[in-house]
Each structure stands twice: as structure tokens, then as C-alpha cells.
Amino acid sequence: MSLKKIEAIIKPFKLDDVKDALNSIGVQGITVTEVRGYGRQKGHTELYRGAEYVIDFIPKIKIEIVVKNQDVDKTIETIIKSARTEKIGDGKIFVYDIEKICRIRTGEQNEDAL
């Protein structure tokens, strides 16, 4: 079995573009989580009613997808094309090996459980 988990951290307003692009290449399921964090951006300062507030963690979206090994590069390219704004904070993509998958409802395992 050769399955990979792809995690992508993207800007929130790019979620619909990424979801539509992944659907167009046949990705069947994704998990989306609202997350907060920072990288090189290091947060920013905002002014509200005359007071300055430091925003350390920036809202992001984490997308998790499990695909067959042969679909990894196509999936990554699709995410990059649909999430890129060419500005700082566009995000990152991580790829992990999957040892085992089990579908709870049917008991199917591994590639059958995708």
C-alpha cells in the first residue's frame, strides 16, 4: 500500500478555489480545520479605538487529504496553483506516509477505505 497524507496550510479566502480545483482532479474527500499560526509574517499590529493590539497568530485554513502515491504530485501542483497569491503567508504543504486506513462504517481498509 502506498498512500500519502497531504496537509496544506492556506489563506482562508483561498479555500473555495482550492476545494474546486481538487474536485476537478478527482480528489474525493478533504478535511478542513480553522487554525491560527505564523511563519515569516510574525503577526502584525492593529489599531482599534486608539489602542494598539498585537496579532501574534494569523487565521489560516488547514486542509488534509489522503491520496494514492501516484496522485501526490498532481495534488500538490493543484493546491499550489489554486492557493498562490504570490504574497507572504501563502502557506505550506506537508506530505506524510500513511500506515493504515479503516473506514468505520464498513470496516474497509487501506485503499478500499479511500
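Predicted model: local features only at pLDDT ≥ 70, side-chain atom pairs only at ≥ 80, totals over all residues.
Residues are numbered from 1 along each chain as its sequence is written, and side-chain values use heavy atoms, leaving out hydrogens and water.

**Stop 1: the whole chain.** Show the C-alpha atoms and turn the view: they fill a box of roughly 60 × 30 × 20 Å along the principal axes. Now switch to a cartoon, where you can find two helices and six strands. Starting at the N terminus, their order is β-α-β-β-β-β-α-β. Both kinds of element are DSSP runs numbered from the N terminus: helices are H or I with at least four residues, strands are E with at least two.

**Stop 2: the core.** Select Ile6, Ile10, Val18, Leu22, Ile63, Ile65 and Ile79, which have the most contacts inside the largest nonpolar core, a set of 15 residues. Strand E1 (3-10), helix H1 (15-24), strand E5 (58-68) and helix H2 (72-83) each give two or more residues to this core. Such a core is a set of buried Ala, Val, Leu, Ile, Met, Phe, Trp, Tyr and Cys residues joined through side-chain atoms within 4.5 Å. Buried means under 20% relative accessible area, exposed over 50%, and partly exposed in between, using a 1.4 Å probe and protein chains only. In the protein chain, 30% of the 114 residues are buried.

**Stop 3: Leu22.** Leaving aside residues up to four places away in sequence, Leu22 touches Val27, Ile30, Ile65, Thr75, Thr78 and Ile79. A contact means heavy atoms within 4.5 Å.

**Stop 4: Lys4.** Move to strand E1, where Lys4 is found. Is Lys4 buried or exposed? Lys4 counts as buried because its relative accessible area is 19%. Beyond residues up to four places away in sequence, its contacts include Ile65, Val72, Tyr96 and Asp97. Finally, select Asp71: its C-alpha lies 9.0 Å from that of Lys4, although 67 residues separate the two in sequence.
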